[in-house]
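The structure is shown first.

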Amino acid sequence: MSLSEKLNRKLDGGKFRLLNEKMYRGKGLGKGNLQLYHELYGSQVTKWPVNPLDVIIQRIKKMNSELAIADIGCGEARIAKEFKNVVSLDIHPVTSDVVHCDMSKKIPLDDESMDVAVCCLSMMMSNITSATREVNRILKKEGYWYVAEVRSRIESVNMLGKRFESFGFDVEYVDVTSKQFVLYVLKKRELLNNRRKKPILLIPCMYKKR
C-alpha cells in the first residue's frame with residue numbers, strides 16, 4: 001500500500017468515527033453525510049476478517065426460505081437482496097424500499113408477525129430496553145433474533161445474554177470467535193408483559209480525540 005493510500009485510509013477512518021459518534025449521540029445526518037456514512041461503514045467492515053452480516057446471512061440460509069424477516073437498522077438493505085420476504089427498516093432510509101424506523105420508540109410492524117429479526121451493528125443507543133421489547137413484540141413465538149454488536153460495547157457477554165433472557169428470549173448460541181464483534185442467536189420464548197424490568201444497557205461508542 002502506498003503512502004497516499006495509507007493517508008486516505010486514515011482520513012476515512014477519522015471521518016467514520018466522527019459520523020458514527022454523531023449517530024450514537026442521537027444526532028441526525030444530512031443526506032450527503034448519510035451516503036458518506038454508508039460508504040465508510042462498508043469500507044471499515046471490509047477491514048474485519050469476518051463481516052457479522054455475512055455470518056447472519058449464512059445462518060438464515062439454512063432455515064426455511066419463506067420466513068418473514070425484519071432487517072432492523074438495515075443500512076444498504078443487503079438482506080433484502082438475499083431473501084424474498086424481507087422488510088428493511090432504518091432510521092436513515094437510503095432508498096424508497098426501506099421503511100423509516102426508530103427502533104428505540106416503535107418498530108412499524110404488527111404483533112407477532114415476523115419469523116426472524118436482525119439487528120447487525122444497528123442498535124446505536126446505549127439503552128436498548130425499548131428496542132428489545134419491540135423485537136419481542138413483532139416476533140412470533142419461537143422466532144429468531146440475530147444480534148451482532150461491537151465487542152467494546154458489551155461489558156459482559158454472559159450478563160447481556162441473561163438480560164435478553166429476562167425479556168422473553170432464550171440464548172440459543174453466542175459466537176465470540178471474532179475480536180471485533182459478538183453475535184447472539186436468540187429465540188423468543190414468550191411474549192413479554194408490560195411490567196417494568198431492569199434496563200438493558202450497552203456501553204456508548206465514543207471515540208477518544210487524537
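## Helix 5 and its surroundings

In this predicted model, the buried residues of helix 5 pack against strand 1, strand 4, strand 5, helix 6 (157-165), strand 6 and strand 7. Helix 5 is mostly covered, with eight of its ten residues buried. The buried residues are Thr 129, Ala 131, Thr 132, Glu 134, Val 135, Asn 136, Arg 137 and Ile 138.

Strand 4 and strand 5 run parallel and are joined by six bridges. Helix 5 (residues 129-138) lies on the path of the chain from strand 4 to strand 5, and this β-α-β crossover is right-handed. Within the pairing, Ala 117 has Trp 145 of strand 5 as its bridge partner.

Strand 5 is also joined to strand 7, by seven bridges, and here the two strands run antiparallel. Tyr 146 has Val 185 of strand 7 as its bridge partner. Val 147 stands opposite Tyr 184, which is also in strand 7.

## The sheet as a whole

Strands of a sheet pair through backbone hydrogen bonds, either parallel or antiparallel. In this chain, seven strands form an open sheet with mixed pairing, in the order 3-2-1-4-5-7-6. Strand 3 (99-100) and strand 6 (169-175) are at the edges; each has a single partner strand, so one side of each is left without a neighbour in the sheet.

## Helix 3

The buried residues of helix 3 (residues 52-61) are Pro 52, Leu 53, Ile 56, Ile 57 and Ile 60. Viewed down the helix axis, the buried residues of helix 3 fall within an arc of 135 degrees, so they line one face of the helix. The elements that cover these residues include strand 1 (69-72), helix 4 (78-82), strand 4 (114-120), strand 5 (139-150) and strand 7 (181-188).

At the start of helix 3, Asn 51 places a side-chain oxygen within 2.9 Å of the backbone nitrogen of Leu 53.

## Lys 188 and Glu 112

The side chain of Lys 188 makes a polar contact of 3.4 Å with the side chain of Glu 112. The side chain of Lys 188 also reaches the backbone oxygen of Leu 139, at 2.6 Å. Setting aside neighbours within four places in sequence, the residues in contact with Lys 188 are Glu 112, Asn 136, Arg 137, Leu 139, Lys 140, Lys 141, Glu 142, Gly 143, Gly 168 and Phe 169. Two of the residues named here, Asn 136 and Arg 137, are among the buried residues of helix 5.

Glu 112 belongs to the loop between strand 3 and strand 4. Glu 112 is partly exposed, with a relative accessible area of 39%. Phi of Glu 112 is near 45 degrees, a positive value in a residue other than glycine.

## Ser 88 and Ala 77

Ser 88 is part of strand 2 (residues 86-90). With a relative accessibility of 6%, Ser 88 counts as buried. Not counting residues up to four places away in sequence, Ser 88 touches Asp 71, Cys 74, Ala 77, Ala 80, Asp 97, Val 98 and Val 99.

Ala 77, one of the residues touched by Ser 88, is found in the loop between strand 1 and helix 4. Ala 77 also has a positive phi, near 60 degrees, and is a residue other than glycine. The relative accessibility of Ala 77 is 11%, and this residue counts as buried.

## Chain totals

The chain contains six helices and seven strands. Along the sequence, these elements follow the pattern α-α-α-β-α-β-β-β-α-β-α-β-β.

Of the 210 residues, 44% count as buried. The chain exposes about 11900 Å², and carbon and sulfur atoms supply 50% of this area. For contacts between residues at least 6 apart in sequence, 67% join residues at least 24 apart.

Key. Residues are numbered from 1 along each chain as its sequence is written. This is a predicted model: local features need pLDDT of at least 70, side-chain atom pairs count only at pLDDT 80 or more; totals for chains, interfaces and linings use all residues. Side-chain values use heavy atoms; hydrogens and water are left out. Buried means under 20% relative accessible area, exposed over 50%, partly exposed in between (1.4 Å probe, protein chains only). Helices (H or I, at least four residues) and strands (E, at least two) are DSSP runs, numbered from the N terminus. The arc is that of the directions from the helix axis to the C-beta atoms. Contact means heavy atoms within 4.5 Å. A polar contact is a pair of N or O atoms within 3.5 Å; within protein, one must be able to donate a hydrogen and the other to accept it, and residues adjacent in sequence count only if both atoms are side-chain atoms. Accessible areas come from the Shrake-Rupley method with a 1.4 Å probe; for residues, only the protein chains shown count as cover. Two strands pair if DSSP finds at least two bridges between them. A crossover is right-handed if, with the strands pointing away from the viewer, the path from the first strand over the helix to the second runs clockwise.
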